[in-house]
Amino acid sequence: MDQNRLGSMSSTVKLVILLVVLGAISLVSRLYVDWLWFASVHFQKVFTTILLNRVGLYIAIFLFTFALFFINLQISRKELGRHDDRPFQNDEGRDIIYLNPDNTPWKQFLKGATSKWVFLGISFLGAFMVSSVNSDSWIIVQQFIHRVSVGTTDPLFNKDLGFYFFNLNFYQFIYNTLMSALVILTVVMAVIYVLNASSAALLGKWREFSFAKGHLAILVAAIFTLKAWGYKLASYDLLFSPSGIVYGATYSDIHARLLAYKVLLVVSLVVAAVILANIFVRKINWIVISIAAWIVLAVVLNGVYPTLIQKLIVQPNEFNKERPYIENAIAFTRQAYALDRAENRVFNIDYDLDINDPELKSTIDNIRLWDWDPLKTTYKNLQQLRPYYVFEDVDIDRYVVDGQYRQVMLAAREIDQEELPPQAQTWINQRLMYTHGYGVVMSPVNEVAEEGFPEFFMKDIPPKFTTDVKVKRPEIYFGERTNSYVIVNTKQQEFDYPMGDQNIYTTYQSKNGIKINSFSRRLIFSWVLKDYKMILSSDINNSSQVLMNRNITQRIAKIAPYLSFDRDPYIVVSNDGNLYWMLDAYTASNKYPYSQPFDRQGINYIRNSVKVICNAYTGEMTFYIADDKDPIIKTYSRIFPGLYQPLSEMPEGLKAHVRYPSYLFGVQAEMYQTFHMTDPWVFYNKEDPWIIPTEIVEDKPRKMEPYYIIMRLPGEEEAEYILMMPFTPKSRPNMVAWMAARMDGDHYGKMLVYNFPKQDSIYGPEQIEARVNQNTEISQQLTLWGQRGSTTYRGNLLVIPMNNSILYVEPLYLQADNGRLPELKRVIAGFGNKIVMEPSLDQALIRLFGEGSPAVSTEDTPGDKDTTPSTVKELAEQARQYYDRANTRLKEGDWAGYGENIDKLNKVIRELEELTNQTV
């Protein structure tokens with residue numbers, strides 16, 4: 001029986017050893033492959049910095065905690081050994097009771113030959129628990145070491161804000177680590193002493209274990225001493241208090257809670273001193289009284305007293321008491337979101353708009369008629385071409401196209417191997433052949449082809465171009481949907497693109513993958529990637545390369561895991577014909593004093609400090625600093641020297657496509673709704689809150705999102721690319737202001753807020769949407785379309801400032817219920833009190849502005865002859881002349897001339913109809 005048990009234990013030990021060895025092999029293999037990957041993208045120093053800091057912090061915490069546990073356990077072990085079982089006399093001193101060690105297995109466990117290993121295991125387990133929880137905080141330690149000053153101090157403690165960004169996080173990390181280690185250790189020691197004392201305690205001999213009481217008293221005193229430091233740290237957290245009238249320390253926080261923390265700090269130290277003194281004076285009631293006093297004071301000072309201060313002192317005179325703290329909240333929130341940098345201007349309204357003003361041409365030529373959602377569906381139907389190609393997203397950007405500054409929409413044609421037919425989802429196809437997407441689709445935002453489809457600047461496979469914007473390297477190996485690894489430069493050529501009934505093949509030309517190099521490395525890749533076929537495949541050789549981490553967001557995050565990333569990477573066609581992904585990255589903190597958080601994580605400071613570009617073919621990444629004033633990115637630059645480059649070093653062909661991220665602008669707009677009120681009294685009474693208006697999209701109301709537009713800002717000489725958002729007052733639907741973020745050239749990042757005069761009433765987006773719904777002509781047409789097996793899709797409403805006027809434009813799409821291929825069929829436009837709906841933007845503008853436009857050219861127009869056409873042939877020729885002349889006027893921007901020729905064309909068509917009826 002013993003031999004069977006011994007054999008079973010031996011098998012268990014062998015299994016445990018085997019699992020440990022396999023785990024070690026797996027860990028080392030993954031680290032080795034990670035190092036190879038970092039080396040392939042030229043970021044070895046980043047890998048070593050992250051690894052050494054993570055491992056170093058883990059080891060430091062582990063060793064400290066292990067030593068703390070082991071020393072205390074060894075002290076207790078020696079003491080336990082001194083109290084071997086011996087006879088105890090009863091109170092009368094007559095009967096002697098002997099405790100049999102065999103009847104107390106816990107004592108064998110704690111005092112026997114195995115106790116050394118037991119205590120070693122407990123120390124190891126405790127160190128593992130504490131270090132595993134805190135080892136990922138390496139970036140906090142490095143930020144503390146490489147901290148920088150901000151240059152702004154808080155109004156309560158007069159400390160530089162860098163203290164809260166870097167020092168406070170580090171101190172709280174140290175506090176939490178020590179507290180968790182001490183609490184776990186105290187619990188472990190208490191359990192050990194209780195188990196050891198259990199028999200004696202039953203006999204009423206607990207006094208025999210004074211050493212245990214002293215040991216536990218020291219540990220509990222250490223906890224209370226550490227708790228005193230915790231109160232000191234908690235006092236700084238008042239600057240981020242969410243409980244007052246504003247975020248941050250308010251009157252009751254400073255006059256009640258801050259006082260409470262100071263008192264409790266002293267009381268905690270007193271409790272610690274009493275507990276230590278009890279080792280010598282042995283007054284257990286002192287400990288009970290001191291701890292009870294601490295609990296009572298904590299409840300009263302942290303709960304009851306602040307409530308009384310708030311109700312009896314603050315509320316009767318709230319504004320006067322809270323005014324300085326309201327001022328702090330306004331000032332610091334505006335700083336945290338860079339709202340204090342916004343320049344306020346007045347936008348006077350006169351509605352005296354000359355639509356033929358040459359300065360408005362670039363704005364009109366770039367009014368966006370296509371929304372990304374229906375356009376994505378249209379791209380999918382017209383340009384996906386094969387089921388394995390996908391358009392993950394539609395991006396919006398600006399390019400100089402044939403010498404003109406144009407706003408365009410474009411999408412990358414990526415490959416999704418899961419969309420291959422089931423029979424084609426073989427290992428060779430998924431890993432060696434179907435490795436990359438191909439090309440992009442680009443169309444202008446304002447042009448519509450026949451049947452309501454977009455015009456294309458780029459389309460098809462192989463790519464066809466209608467402008468001077470061209471792609472020379474259309475292969476996309478890295479993108480938003482490339483979530484699997486592939487192996488290139490194998491004996492099996494890669495599928496490049498389809499050409500009719502045949503396929504064109506290619507071979508990867510870059511050297512940025514991880515070379516197989518040797519069979520041993522091949523084995524490691526097979527182990528890490530869990531792909532045994534890599535070993536068996538005869539197509540793979542030592543020159544083959546593994547392309548890993550191809551999803552661009554995950555790829556970039558692997559280099560900088562401490563940054564936050566935008567959800568919308570966008571594709572860029574550079575001047576050299578290559579494709580690049582551009583991704584915005586953010587630095588953020590929840591430690592900006594008095595700043596109102598914008599999310600549930602409590603983040604109350606954010607900067608778009610980093611722009612990342614990634615070559616879609618090679619996967620090469622470059623990180624650029626976009627905001628060199630941000631203290632957080634300054635620390636990261638010190639931690640990772642050489643990783644971040646100044647934005648001035650970005651190639652001009654890419655810098656021209658840097659854009660202000662809509663996510664950040666949306667956050668700023670959300671905060672500006674309230675924090676545009678800088679007067680404390682107005683803010684306190686919430687006299688002028690703004691809201692982001694709603695619009696109708698796909699027949700459903702939803703909050704407007706920031707939108708990009710090319711326009712000439714009032715007072716500026718040239719049109720530029722901006723991001724904008726209108727605001728309406730909370731109490732009424734008319735528009736009160738609009739915010740814009742500039743992004744061209746030296747103006748990048750500058751924010752403008754245009755305020756409408758308060759005496760003017762300007763239609764807000766909700767009012768325009770309501771007027772569209774109330775327009776009988778439009779509503780009848782929408783109802784008619786809805787009865788013919790199709791549905792209408794109302795696009796984004798664009799509020800477009802022009803000179804001292806506002807133009808409203810909303811596209812209308814029609815899509816069949818079964819096919820769901822959106823077609824742009826109508827454009828709704830509004831100006832002043834007039835709402836129109838026409839088949840094109842040009843016609844809508846003619847209906848809005850045609851009557852007051854300048855006269856047409858004095859050149860002869862078709863039909864201005866002495867003879868009047870009388871035959872079908874002559875009328876047809878005249879109709880063609882009017883049509884051609886209308887198109888010429890349209891290209892010249894002569895709206896009135898265009899409208900006049902369209903009217904004459906309409907008359908000719910009527911004459912043709914009459915003549916045809918007479919003939920019939």
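Predicted model: local features only at pLDDT ≥ 70, side-chain atom pairs only at ≥ 80, totals over all residues.
Two residues count as being in contact when they have heavy atoms within 4.5 Å. Residues are numbered from 1 along each chain as its sequence is written, and side-chain values use heavy atoms, with hydrogens and water left out.

Tyr 808 sits in strand S33, which spans residues 805–816; strands are DSSP runs of E with at least two residues, and helices are runs of H or I with at least four, numbered from the N terminus. Because its relative accessibility is 1%, Tyr 808 counts as buried, a label for values under 20% (1.4 Å probe, protein chains only). Beyond the neighbours within four places in sequence, the contacts of Tyr 808 include Met 735, Ile 762, Tyr 763, Leu 797 and Gly 830. With Tyr 763 there is a further detail: the side chain of Tyr 808 reaches its backbone oxygen at 2.5 Å. Pro 765 is 43 residues away from Tyr 808 in sequence, yet the C-alpha to C-alpha distance is 8.3 Å.

On a 1 Å grid over the protein atoms alone, a cavity is a set of points where a 1.4 Å probe fits but cannot get out, and lining residues have an atom within 4 Å of a point. The lining of the second largest cavity includes Trp 37, Phe 478, Met 548 and Arg 555. Helix H1 (2–40) and strand S17 (545–547) each supply at least two residues of that lining.

Conventions:
Buried < 20%, exposed > 50% of the residue type's maximum accessible area, 1.4 Å probe, protein only. Polar contact = N/O pair within 3.5 Å; in protein donor to acceptor, adjacent residues only side chain to side chain. 1 Å grid on protein atoms, 1.4 Å probe; cavity = no way out; pocket = protein on both sides within 12 Å on 5 of 7 lines; lining within 4 Å.
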